[in-house]
Number of protein chains: 2
Amino acid sequence: MKTIVVDAMGADLGLEPVVEGVIRSLKIKDFIINLVGDSAQINPLLEKISSDYKKRIIVTHADSFIKMDESASNAIRRCDSSIYIGIDILRDNKADAIVSAGHSGATMSLATLRLGRVDGISRPAICTLMPTTKSTPSLILDAGANTDCKSEYLVDFALMGYEYAKEVLGITNPKVGLLANGEEDNKGNELTKEAFALLKNESYFIGNVEGGDIFNGSVDVIVCDGFIGNIVLKTSEGVAKTIALILKSEIKKSNIFIKLAAFILKGVFGALKLKTDYAEYGGAPLLGINKVVIISHGKSNARAIECAIYQALKAIDGDVCGKIKEAFAK
Amino acid sequence: MKTIVVDAMGADLGLEPVVEGVIRSLKIKDFIINLVGDSAQINPLLEKISSDYKKRIIVTHADSFIKMDESASNAIRRCDSSIYIGIDILRDNKADAIVSAGHSGATMSLATLRLGRVDGISRPAICTLMPTTKSTPSLILDAGANTDCKSEYLVDFALMGYEYAKEVLGITNPKVGLLANGEEDNKGNELTKEAFALLKNESYFIGNVEGGDIFNGSVDVIVCDGFIGNIVLKTSEGVAKTIALILKSEIKKSNIFIKLAAFILKGVFGALKLKTDYAEYGGAPLLGINKVVIISHGKSNARAIECAIYQALKAIDGDVCGKIKEAFAK
């Protein structure tokens, strides 16, 4: 049976939502979870659940964990930490994937150093799913792993994103674009112009795309450096949050009819929230590593952890690591 | 009396919204407009307006204009174009500001070459106003004039944005931040880390800011290179558009009560639209030039042109060019 390691430690909201997400996912799908962390804190949270689920949970004790304010470079020396032990369970081939909402820098460096990069890949990239007006999300990579990039990194991100969109999201012939300051071929900065020249003959490459294209379904995979990817993600979250805040404050200062109407529209707002809620998209896969690694938002709630686990299961089913390996072997 | 040149030509929606915006602004404020473009097309649009306004409109004929698909580098040789003639009216000190919704690259190169950069400024920057949850907007610069930047450009953008926020938006002690992939001092890419070191002792500099901070009122001036600025603007527009589309489609497939409730909420949605509508913010000033230059959106409607003209008037009243000159003379 498939086994997924879940790092129970280091998330902003503590262990509870992580364990709750694990339990929810076990009720829906048949697989084994290896929960790594402080067993004295984990075990009490598992006491009340039925034995059907409990028997599919292994608890692996870890004495410590990497705190959010620690430097990622410490992680490699901290072999008693939950993420170190979790990653090494994958290294020993005793599990197929890992999900962590802890220190993302630590997860990235340990995954790269202990699990290794796929041969031929210059840098692993964080791949984030974005809502679109279509039925399938779009992918942005790199969403933050590599701040300063060379053009060959972007070329690797393009191929990895293509494979992920095809094998995990099930998109036939995914379209890959370079994020730039205009759609025209001559647009871009020095970095993206170089990458454009390297990508232009790939059948999946559709050219430059703009910020708005991330959401309109015209492109499936959006390639950029990790500095811009991070800014784009946080800007998008910021706009959505601001719109919700302005709407709420306008409704608050309105009359009772408006308030009633807003109440009736609750379902519609709920559908919007569902469509744009990061939790529904799970975590962000770290692509280019030999095993499936899912980096969850530090502030993940139980639903986000649950969805990240489904995402890990899909990545295993689609053998995305194998497919990326094949693609880079060519 | 103050005179503002308005380029009547080259906008995506033709002359009508430009002329309509001009007329609206003349009804509200007392100043003179010099409309530059094809007089055979402009004059019929002015026929029906009352003589009170008409006497404050000068029409300057131009034989041609720079089309959106032309190269900006052509602009300098096309001395019969509306933007060339318009810019030269400022050069001859016969007007105080120019507003154009035509080819923005042409406006930028002609403004730089014919009006000149303020002494000591490395590069002019486009400065765009963004909605926030506070009562004052925030500023992003550079929003697209300079694709690849050096750190000293970013330092100049910071000071220009500070002066604009203070003198035109009336913000006391504007806070200036560097757009980066995290708030911590050690975050950033090579470019922003260099700029951080150069800015860190400035009293107005608050350090690194993230994408979400653009809208939450925690910073007034957001500094980035023009490649990222363009992506941030288009991403923000894209998110807002997508949210509106999802809401509309959810309401469309709902029952009559939901539709009625949505109708009752029209005013609230209208208030939101007003708060996030680019038209209300006018155009984007090109800072670092010796005169006031406002670049309007190619798709500007009459309201956007009207607001861009008010913005030009405020920039003249605040003597923002003089203030920037003083700041860089130090």
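Biologist: Is Ser122(A) buried or exposed, and what is its relative accessible area?

Modeller: Buried means under 20% relative accessible area, exposed over 50% and partly exposed in between, with a 1.4 Å probe and protein chains only; Ser122(A), at 16%, is therefore buried. This is a predicted model, in which local features need pLDDT of at least 70 and side-chain atom pairs count only at pLDDT 80 or more, while totals for chains, interfaces and linings use all residues. Residues are numbered from 1 along each chain as its sequence is written, chains are lettered from A and ligands numbered from 1 in the order in which they are written, and side-chain values use heavy atoms, with hydrogens and water left out.

Biologist: Which residues is Ser122(A) in contact with, leaving aside its neighbours within four places in sequence?

Modeller: Contact means heavy atoms within 4.5 Å, and on that basis Ser122(A) touches Arg117(A), Glu152(A), Tyr153(A) and Asp156(A).

Biologist: How should I read the way α1 and α2 of chain B cross?

Modeller: Axes are lines fitted to C-alpha atoms, for helices over the stretch in contact, and angles run from 0 to 180 degrees between N-to-C directions. In chain B, the axes of α1 (residues 15-28) and α2 (residues 39-46) come within 10 Å and cross at roughly 50 degrees.

Biologist: Which residues of α1(B) and α2(B) meet?

Modeller: Leu15(B), Glu16(B), Val19(B) and Ile23(B) of α1(B) meet Gln41(B), Ile42(B), Leu45(B) and Leu46(B) of α2(B).

Terms used: Helix = DSSP H or I, 4+ residues; strand = E, 2+ residues; numbered from the N terminus.
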